[in-house]
Amino acid sequence: MLIRDTHGNALTGASAAAREHYEAALDLLRVYRNDPLAKADAAIADSPGFAMAHALKAWLFLLGTEPGGFEPARAAHAAAKAAAATAREQGHVAAIGQVIENRWWDASRTLAQVAIDNPHDALALQVGHQVDFFTGNARLLRDRIARALPEWSPGMPGYHALLGMHAFGLEECGDYARAERQGRRAVELDARDSWAQHAVAHVLEMQGRQADGIAWMRAAPDDWTRDSFFAVHNWWHLALYHLDLGEIDEVLKLYDGPINGGRSAVALELIDHSAMLWRLMLRGVDVGDRWRPLADQWAAFASAGNYAFNDAHAMMAFVATGRTAQMVEVLEAQERAMARDDDNAMFTRDVGRPLSLALKAFGDGDHKRVVCLLRPVIGVASRFGGSHAQRDLLDLTMIEAAQRGGDTALARALTAERREVKPSSPHNRALFDRARAVARAA
Ligand SMILES: [Fe+2]
């Protein structure tokens with residue numbers, strides 16, 4: 001008997017029991033909680049020919065951008081390929097193969113077609129959404145979900161996740177009011193939805209509503225932190241509000257507590273660690289010995305060169321600790337990456353490489369070079385993925401370099417631009433006031 005998932009998609013090779021494990025895995029993945037991989041493994045143990053369980057396993061290994069994820073993803077991909085029988089399953093197999101080859105944009109299109117043909121394929125929508133994040137594709141973060149939404153209704157399992165993803169896409173497209181509405185609805189439907197929680201956090205960050213942001217995150221943290229493997233990033237967002245308010249003690253408390261307390265060695269969390277310490281460094285805050293253990297953790301990634309966004313955040317830790325050998329390792333890995341014919345070659349060439357060189361120049365005190373390297377990159381930084389809030393680090397670095405390098409006119413212009421975009425930000429006002437005072441005195 002052909003088994004179907006809760007949304008009616010055929011599941012080749014699944015038993016009824018395996019389907020329950022698979023559905024449980026999808027439910028956990030939708031809220032970034034517990035261990036969906038263990039559930040996928042349970043499904044495979046029950047039904048070794050279950051194509052989508054192997055596909056799910058491959059996605060779980062790939063979407064952490066871990067260099068160590070490729071090998072197990074390849075094995076799961078091969079098993080999925082051997083078992084896949086429907087066009088939908090074969091679409092997943094093709095897209096997984098494309099991500100393994102670092103052809104993210106091809107995978108984006110393949111998954112888009114899977115979801116166009118199967119708008120109730122929640123997994124295709126979710127992994128496609130993540131691919132959009134890793135490629136900085138704001139429009140598709142919104143529209144991949146918008147295409148499917150009319151086929152969904154509030155009573156369907158996982159509907160909250162559609163709203164949460166749509167909210168994040170709307171936010172990245174600057175449609176903040178609708179983003180906030182969709183995100184809050186999603187959390188009302190399922191308080192565990194930490195991606196929707198995150199989408200609203202982004203809205204409040206972009207609008208400079210620090211008090212609202214703190215209230216939003218602190219109202220019920222147990223909902224978005226319990227057993228969550230996305231909690232560190234959400235705590236990072238809370239710390240950003242406190243940072244904007246100049247509440248450095250609170251930022252360091254969050255850093256030493258939930259952001260870094262678990263001492264994770266997962267790339268996506270190390271990114272948050274680097275991004276927070278670099279912001280503090282730019283503000284002249286003494287972060288003590290916090291960079292050293294972080295640089296130790298990044299050491300394992302120095303020569304990976306599989307994702308430019310990671311390289312740059314590793315570089316921050318090596319620059320901050322003066323680890324020249326590891327800076328060279330990153331730069332050499334980037335040279336190898338740029339010589340390949342894949343999307344990461346483009347991410348690296350267009351953004352990751354000049355940014356890494358700029359970070360190194362910042363460490364060397366060569367602020368004029370930092371500005372030269374970053375000015376062409378700022379307008380195309382989305383090409384190496386991440387969110388507006390994450391990529392703001394490039395703007396902050398360029399402003400600080402312009403200021404320290406004596407380019408007072410540029411510092412004044414950039415901080416004026418920044419204050420105009422988010423006038424309620426105390427930090428933006430402080431940057432502008434400083435730049436104008438220095439420019440007038442010059
Ligand atoms: Fe975020």
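Good morning. A helix, in this talk, is a DSSP run of H or I at least four residues long, and helices are numbered from the N terminus. With that term in place, I turn to the structure, which is a predicted model.

I begin with the chain as a whole. How many helices and how many strands does the chain have? There are 24 helices and zero strands. The C-alpha atoms fill a box of roughly 80 × 45 × 35 Å along the principal axes. For 442 residues, a compact globule would have a radius of gyration near 22 Å, and the chain has 22 Å, so the two agree. Buried residues make up 55% of the 442 residues. If we take the contacts between residues at least 6 apart in sequence, 58% of them join residues at least 24 apart.

Next, the domains. The domain assignment gives domain 1, residues 1-131, and domain 2, residues 137-229. Their C-alpha centres lie 23 Å apart. Where the two meet, 17 residues of domain 1 are in contact with 20 residues of domain 2. Which elements give two or more residues to the domain 1 side? They are helix 6, residues 104-117, and helix 7, residues 122-134. Helix 7 supplies the largest share of that side, with five residues. Sorted by class, the domain 1 side holds eight nonpolar, seven polar and two charged residues.

I move now to the interior. In soluble globular proteins, nonpolar side chains tend to be buried together. The largest nonpolar core of this model has 144 residues, and those touching the most other members are Y22, F50, L56, A80 and A239. Domain 1 and domain 2 each give at least three residues to this core. Please find A239 in the structure: leaving out residues up to four places away in sequence, A239 touches V251, L254, Y255, I259 and M276.

Helix 5 has 14 residues, and from its first C-alpha to its last it reaches 20 Å, close to the 20 Å expected at 1.5 Å a residue. Is helix 5 mostly covered or mostly open? It is mostly covered, as ten of its 14 residues are buried. Those residues are R88, E89, G91, H92, V93, A95, I96, G97, Q98 and V99. As a reminder, an α-helix has 3.6 residues a turn, so residues three or four places apart point the same way. The buried residues of helix 5 pack against helix 3, residues 51-62, and helix 4, residues 70-83, and also against helix 6 and helix 7. After helix 5 comes N102, with a positive phi near 60 degrees.

The other is helix 14, residues 231-244. At 1.5 Å a residue its 14 residues should span 20 Å, and its end C-alpha atoms are 20 Å apart, so expectation and model agree. Helix 14 is also mostly covered, with 13 of its 14 residues buried. Just after helix 14, G246 takes a positive phi of about 80 degrees.

Y32 has a phi near 55 degrees, a positive value, and is not a glycine. This residue lies in the loop between helix 1, residues 16-30, and helix 2. Is Y32 buried or exposed? The cut-off for a buried residue is 20 or more other C-beta atoms within 10 Å. Y32 has 21 such atoms, and therefore it is buried.

D227 likewise has a positive phi of about 55 degrees although it is not a glycine. Its place is the loop between helix 13, residues 221-225, and helix 14. D227 has 12 C-beta neighbours inside 10 Å, so it counts as exposed.

Which residues does L37 contact, leaving aside neighbours within four places in sequence? They are K57 and L60. By C-alpha positions, L37 and A361 are 41 Å apart in space and 324 residues apart in sequence.

Thank you for your attention.

Technical notes. Residues are numbered from 1 along each chain as its sequence is written. This is a predicted model: local features need pLDDT of at least 70, side-chain atom pairs count only at pLDDT 80 or more; totals for chains, interfaces and linings use all residues. Domain bounds come from an automatic or database domain assignment. Two residues are in contact if their C-beta atoms, placed from the backbone, lie within 7 Å. Ala, Val, Leu, Ile, Met, Phe, Trp, Tyr, Cys and Pro count as nonpolar, Asp, Glu, Lys and Arg as charged, and the others, Gly among them, as polar. The expected span of a helix is 1.5 Å times one less than its number of residues. A nonpolar core is a set of buried Ala, Val, Leu, Ile, Met, Phe, Trp, Tyr and Cys residues joined through C-beta atoms within 7 Å. The radius of gyration is taken over C-alpha atoms; the globule rule is 2.2 Å times the number of residues to the power 0.38.
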